[in-house]
Amino acid sequence: MAHADNGRTRILDSAATVLRQKGLAGAKLSEIAKGAGMLAPSIYHHFPSKDHLVEEVMMEGIYHNSRHIVARVEVLGPDAAPLVRLRAAIVAHIDFLLSGDDYSSAVARVFNDLPDEMRRRVLAAYSSFDNYWRDLIVAAQADGSASATLDPTVVRKFLIAMLDSCSSWYRPGKLAPAQIAEQAADLLLHGFAGSSRPA
């Protein structure tokens, strides 16, 4: 993130943290301001309203997450098997959400609670990221490694909803984020009722 305006950056960072922890209804400007090291009225020098601040956090979260996932997939190269690329995206997404990126976790936590107009704008910004996931799914179907009888849009919607939910229930404990990411990939790609994980 650019740090040309340190005050604005501190506010965004603090807002992402509070939204991740408290959700939209629980996020108070006073708490965001405290985390940014300023008084609540100072926020209005940078953002005209709480809604404007929340929307910018959402846009930053989409950017952070999509950049991370694309990098983790594309480093495999164009010759990597489609299912390997899809697995890399799943693991990267969960690992990123559970490993401290407040922005992406804030998106996952509050998206469904956003006002309708804001949610539509965020969805529009998310569309290219959605298309990237859809391309990964379609490629796996096209080469026969995934079921072609399933609608790729339905697969994508369930996939993203499941992955995004982890930021709301995860607590440090028995399994590390990387282990949860691998188990999620196994569940999504190989199913729950099947035999042991393929070699």
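Among contacts in the protein with a sequence separation of 6 or more, 69% join residues 24 or more positions apart, a contact being defined by heavy atoms within 4.5 Å. The structure is a predicted model, in which local features need pLDDT of at least 70 and side-chain atom pairs count only at pLDDT 80 or more, whereas totals for chains, interfaces and linings use all residues. Residues are numbered from 1 along each chain as its sequence is written, and side-chain values use heavy atoms, with hydrogens and water left out.

The protein contains eight helices and zero strands, giving the pattern α-α-α-α-α-α-α-α along the sequence. These elements are DSSP runs numbered from the N terminus, with helices (H or I) of at least four residues and strands (E) of at least two. The C-alpha trace spans about 55 × 35 × 30 Å along its principal axes. Of the 199 residues, 42% count as buried, where buried means under 20% relative accessible area, exposed over 50%, and partly exposed in between (1.4 Å probe, protein chains only). The protein exposes about 10700 Å², of which carbon and sulfur atoms supply 57%; accessible areas come from the Shrake-Rupley method with a 1.4 Å probe, and for residues only the protein chains shown count as cover.

Helix 5 (102-110) is largely enclosed by the rest of the structure, because seven of its nine residues are buried. The buried residues are D102, Y103, S104, S105, A106, V107 and V110. Their cover includes helix 1 (6-26), helix 3 (50-74), helix 4 and helix 7. Within helix 5, S105 is buried, with a relative accessible area of 0%. Apart from neighbours within four places in sequence, S105 is in contact with R20, L97 and S167.

Grid points are joined across faces, edges and corners, and a volume is the space filled by probe spheres set on the points. The largest pocket holds about 430 Å³ of space. It is lined by 17 residues, of which F111, N112, I160, A161 and D164 are the closest to its centre. Helix 5, helix 6 (116-142) and helix 7 (152-169) each contribute at least two lining residues, and the largest share, six residues, comes from helix 7. By class, the lining of this pocket comprises nine nonpolar, two polar and six charged residues. In this classification Ala, Val, Leu, Ile, Met, Phe, Trp, Tyr, Cys and Pro count as nonpolar, Asp, Glu, Lys and Arg as charged, and the others, Gly among them, as polar.

The second largest pocket has a volume of about 300 Å³. Of its 15 lining residues, A146, L150, V155, L188 and L189 are the closest to the centre. Helix 4 (82-98), helix 6, helix 7 and helix 8 (177-190) each supply at least two residues of this lining, which divides into 12 nonpolar, three polar and no charged residues.

One cavity of 30 Å³ or more was found, and about 60 Å³ of space lies in the largest cavity. Its lining consists of G61, I62, N65, H93, L97, S104, V107, A108, Y126, F129 and D164, with at least two residues from each of helix 3, helix 4, helix 5 and helix 6. The lining of the largest cavity has six nonpolar, four polar and one charged residues.

R85, in helix 4, counts as buried at 15% relative accessibility. Beyond neighbours within four places in sequence, R85 is in contact with V73, E74, L76, G77, A80, Y132 and L136. R10, in helix 1, counts as partly exposed at 31% relative accessibility. The C-alpha atoms of R10 and G35 are 7.9 Å apart, although 25 residues separate the pair in sequence. Not counting residues up to four places away in sequence, R10 touches A36, G37 and M38.

Note on methods:
1 Å grid on protein atoms, 1.4 Å probe; cavity = no way out; pocket = protein on both sides within 12 Å on 5 of 7 lines; lining within 4 Å.
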